[in-house]
Amino acid sequence: MNEQIQVMISEEEVKARITELAEQISKDFQGEEIIAVGILRGGVYFCTELTKRIAVPVILDFMEASSYGAGTESSGQVNITKDLIEDIAGKNVLIIEDIIDTGRTLSLLLENLRARGPKSLKLCALLDKPERRVVEVAVDYKGFVIPNKFVIGYGMDYDQKYRNLPYIGVLEE
């Protein structure tokens with residue numbers, strides 16, 4: 001495969017938008033503490049860059065979940081492969097995700113987390129791809145709305161490669 005990468009969102013644009021999101025989150029949670037929950041694996045790059053810029057106390061935790069079995073269609077059941085260490089009951093929780101696509105896995109994950117009794121549950125996504133949405137998911141903080149293209153970089157991968165690109169790109173053959 002001879003791949004070429006077209007830059008969709010530059011490193012500078014990504015950094016500037018993350019700073020803006022962190023400022024808004026800091027303002028919204030002023031005087032409070034939040035538990036930031038990074039969704040693995042893709043969300044780790046965005047999560048760490050965002051939480052470094054948040055000005056309120058942050059407890060960092062991670063989850064990994066899938067609603068896909070062996071196939072490519074969602075099973076409708078969320079399979080949590082790595083659960084939280086922190087107890088989120090009565091706490092402000094901020095879910096940090098790299099991209100919202102169909103919304104299937106995330107909606108099931110949010111349902112699971114709501115059942116744990118957090119004080120608040122907010123969602124922050126670097127990228128939102130509404131054209132692909134199958135299940136509506138309310139995104140409280142979004143970096144960029146993008147068209148229905150397969151993107152890589154800043155945590156997003158193709159066959160586990162390209163996660164470490166400092167920008168958002170589109171893979172072209």
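Which residues are linked with Glu 49 in a network of salt bridges?

1. The network of salt bridges links Glu 49, Lys 52 and Arg 53, where a salt bridge is a side-chain nitrogen of Lys or Arg within 4 Å of a carboxyl oxygen of Asp or Glu. Within it, Glu 49 pairs with Arg 53, and their closest N and O atoms are 2.9 Å apart. Both Glu 49 and Arg 53 belong to helix H2, four residues apart, which is about one turn of the helix. Glu 49 counts as buried at 19% relative accessibility, while Arg 53, at 29%, counts as partly exposed; buried here means under 20% relative accessible area, exposed over 50%, and partly exposed in between, with a 1.4 Å probe and protein chains only.

2. On provenance, this is a predicted model, in which local features need pLDDT of at least 70 and side-chain atom pairs count only at pLDDT 80 or more, whereas totals for chains, interfaces and linings use all residues. Residues are numbered from 1 along each chain as its sequence is written, and side-chain values use heavy atoms, with hydrogens and water left out.

3. The secondary structure comprises three helices and nine strands, these being DSSP runs numbered from the N terminus (helices H or I, at least four residues; strands E, at least two). Read from the N terminus, the order of elements is β-α-β-α-β-β-β-α-β-β-β-β.

4. As to overall dimensions, the C-alpha trace spans about 50 × 35 × 25 Å along its principal axes. A compact globule of 173 residues would have a radius of gyration near 16 Å, and the protein, at 16 Å, agrees with this; the radius is taken over C-alpha atoms, and the globule rule is 2.2 Å times the number of residues to the power 0.38. The accessible surface comes to about 8,800 Å², with 45% of it belonging to carbon and sulfur atoms, as computed by the Shrake-Rupley method with a 1.4 Å probe, only the protein chains shown counting as cover for residues. Buried residues make up 47% of the 173 residues. Of the contacts with a separation of 6 or more, 67% are between residues 24 or more positions apart, a contact meaning heavy atoms within 4.5 Å.

5. The largest nonpolar core has 29 residues, and those with the most contacts inside it are Ile 25, Phe 46, Leu 50, Leu 126, Leu 127 and Ile 168; such a core is a set of buried Ala, Val, Leu, Ile, Met, Phe, Trp, Tyr and Cys residues joined through side-chain atoms within 4.5 Å. At least two residues of this core come from each of several elements, including helix H1 (11-28), helix H2 (43-53), strand S5 (92-100) and strand S6 (120-128). The largest share, five residues, is supplied by H1. Leaving aside neighbours within four places in sequence, Leu 50 is in contact with Ile 18, Leu 21, Ala 22, Ile 25, Ile 96 and Cys 124. A second, separate core of 19 residues includes Ile 39, Ile 100, Leu 113 and Val 137.

6. Ser 107, in helix H3 (residues 104-114), is buried with a relative accessible area of 18%. Not counting residues up to four places away in sequence, Ser 107 touches Val 135 and Val 137.

7. How many disulfides does the count give? The count comes to zero, a disulfide being a pair of cysteine sulfur atoms within 2.5 Å. The sulfur of Cys 47 has its closest cysteine sulfur in Cys 124, 9.2 Å away, and this is too far for a bond. Cys 47 is buried, with a relative accessible area of 0%, and Cys 124 is likewise buried at 0%.

8. Returning to charge pairs, the structure holds 12 salt bridges. One of them joins the side chains of Asp 128 and Lys 142 (3.0 Å, N to O); because Asp 128 lies in strand S6 and Lys 142 in strand S7, the pair ties together parts that are 14 residues apart in sequence. Asp 128 is buried, with a relative accessible area of 2%, whereas Lys 142 is partly exposed at 30%. The side chains of Arg 163 and Asp 157 also meet in a salt bridge (3.2 Å, N to O), and Arg 163 counts as buried at 14% relative accessibility.
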